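Here is a friendly tour of one protein chain, with a few stops at its side chains and its open space. Keep the viewer at hand as you read.

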Amino acid sequence: MKIIFTKETVIRFRKQSHQVEESRKIPLSWLELIYKEKLFKLFVPKESGGLMMPLPNALRVFDEAASIDGNFGWAITIGSGGGYFYGYMQPDTAKKVFANRKAVIAGSGKPGITKEAKGGYSVTGTWAFCSGAPYATAFTANAVIKKGASSIIRAFIFQPEQVKIHKDWNAIGMRATESHSISADNAFVPNEMLFDISSKPVHEHPFYQYPFLQFAELSFGALSIGLGRHFIEEAKNMIVQNKSSWASVPGRYGFVKKCVSQHEKEFMAATKTFYNVADKSWEELTKKGKISQSTQNEVSKMSKKVSRVVLHGADDIIQYMGMGAVMESSAINRIWRDIHTACQHVLLVPFGSM
């Protein structure tokens, strides 16, 4: 399933994966391809230089990108996800924020605090896990606005010079995503740089009507599928490469081959169901103007389910792949760590029964 990535790109990026992980940052050559193909603007209208891609198509881009390299897939998935906010910003603000060819938002949801100021608010806070922080052209973060005895939460848009980046991302996987914390100290944000995704979208494109929670779940679900594809591909390559050396252990080659095949079947079945549900939800939205609660529940369930299939399959398979698989420099170890990091996201963890 190739979307926009050439065979040459796949080979070249995968050869660079180990070096990219060691550098702990996305290389400029990867970013330049993203800018060229407008992959940070999948959900930005064409009049603002975007692609305004239908959600089902974009999910398959996330999948394909992650199957090349986990960091690459994460950068595109998170980076393009900020385009959702376009539909909730004031029109002039949205066009301004996304005008840059390299426009991409990094952000976080944990609330900071505000003080009312003339024409806007003074915002202070620290926000963790802002993927792509070093190359972001804008930042978004939630903060609390007190209204008498009550309070409301709004999203605030910061310029890069208004925040400090704390290089604290030190996870076992997705090491090059630069998902650092940011902080702001009494940063002034004018009223026009606030938005609220719980309100009615300003832009009328159907995509902005898609529930944000389910959009995020689908995005991470598609990412986990791409990681699963790469893991299984690498496991099958290792089986071929080790056929002779594994012959010293009777039955080992056949056992491992059968194990990978069984997990691949389960993975493909879960992937098919995931995309059926995703496509169904998009069709509902575009034809009926909304997505039923039952379909939203299906989306949430399958996003978690497919990630668990990927995670558990990788954990089962890797124990049979030999000592080489525990070396951090090996491709299968890197993919395994990326899977564990991505599937740790709270939106993919099934708290309770599925």
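## Terms and model

Buried means under 20% relative accessible area, exposed means over 50%, and partly exposed covers what lies in between. Please keep in mind that this is a predicted model.

## Salt bridges

Side chains of opposite charge can pair when their charged atoms come close. The structure holds 12 salt bridges, and three of them are worth a visit.

Let us begin with Lys 236 and Glu 264, whose closest N and O atoms are 3.2 Å apart. This pair links distant parts of the chain, with Lys 236 in helix α6 and Glu 264 in helix α7 (residues 252-288), 28 residues apart. Glu 264 has a relative accessible area of 25%, so it is partly exposed. Lys 236, with a relative accessible area of 37%, is partly exposed.

Next comes Arg 101, which forms a salt bridge with Glu 32, the closest N and O atoms being 2.3 Å apart. Arg 101 lies in the loop between α5 and β1, while Glu 32 lies in helix α2 (residues 28-37), so the pair ties together parts that are 69 residues apart in sequence. Arg 101 counts as partly exposed at 45% relative accessibility, and Glu 32 counts as partly exposed at 35%.

Arg 12 is partly exposed, with a relative accessible area of 30%, and Glu 8 is partly exposed at 45%.

## Aromatic pairs

How many aromatic pairs does the structure hold? There are 26. In one of them, the rings of Trp 74 and Phe 220 have their centres 5.4 Å apart and their planes at 25°, so the pair is stacked. Trp 74 belongs to helix α4 (residues 70-81) and Phe 220 to helix α6 (residues 212-241), so to speak a link between distant parts of the chain, 146 residues apart. Both Trp 74 and Phe 220 are buried.

Tyr 84 and Phe 207 have ring centres 5.5 Å apart and planes at 80°, so this pair is edge-to-face. Tyr 84 sits in the loop between α4 and α5 (91-97), and Phe 207 in the loop between β7 (194-195) and α6, so the pair ties together parts that are 123 residues apart in sequence. Tyr 84 is buried at 1% relative accessibility, and Phe 207 is buried with a relative accessible area of 0%. Both residues belong to one aromatic cluster, whose members include Phe 43, Phe 62, Phe 195 and Phe 212.

## The largest pocket

About 1,000 Å³ of space lies in the largest pocket. Its lining is made by 40 residues, of which Gly 107, Ser 108, Gly 109, Phe 212 and His 345 lie nearest the centre.

Which element gives the largest share of the lining? Helix α6 does, with six residues. Elements that each supply at least two residues include α4, β1 (105-117), β2 (120-130) and α9.

## A nonpolar surface patch

Met 323, Val 326 and Met 327 make a nonpolar surface patch of about 320 Å². Met 327 is found in the loop between α8 (293-318) and α9 (331-342). With a relative accessible area of 45%, Met 327 is partly exposed.

Notes:
Residues are numbered from 1 along each chain as its sequence is written. This is a predicted model: local features need pLDDT of at least 70, side-chain atom pairs count only at pLDDT 80 or more; totals for chains, interfaces and linings use all residues. Side-chain values use heavy atoms; hydrogens and water are left out. Patches are made of residues with over 30% relative accessible area and no salt bridge: like charges are joined within 9 Å, nonpolar side chains (Val, Leu, Ile, Met, Phe, Trp, Tyr) within 5 Å. Accessible areas come from the Shrake-Rupley method with a 1.4 Å probe; for residues, only the protein chains shown count as cover. A salt bridge is a side-chain nitrogen of Lys or Arg within 4 Å of a carboxyl oxygen of Asp or Glu. Helices (H or I, at least four residues) and strands (E, at least two) are DSSP runs, numbered from the N terminus. Buried means under 20% relative accessible area, exposed over 50%, partly exposed in between (1.4 Å probe, protein chains only). Rings of Phe, Tyr and Trp (its six-membered ring) pair if their centres lie within 6.5 Å; planes under 30 degrees apart count as stacked, over 60 as edge-to-face and the rest as tilted. On a 1 Å grid over the protein atoms alone, a cavity is a set of points where a 1.4 Å probe fits but cannot get out, and a pocket is an open set with protein on both sides within 12 Å along at least five of seven lines; lining residues have an atom within 4 Å of a point. Grid points are joined across faces, edges and corners, and a volume is the space filled by probe spheres set on the points.
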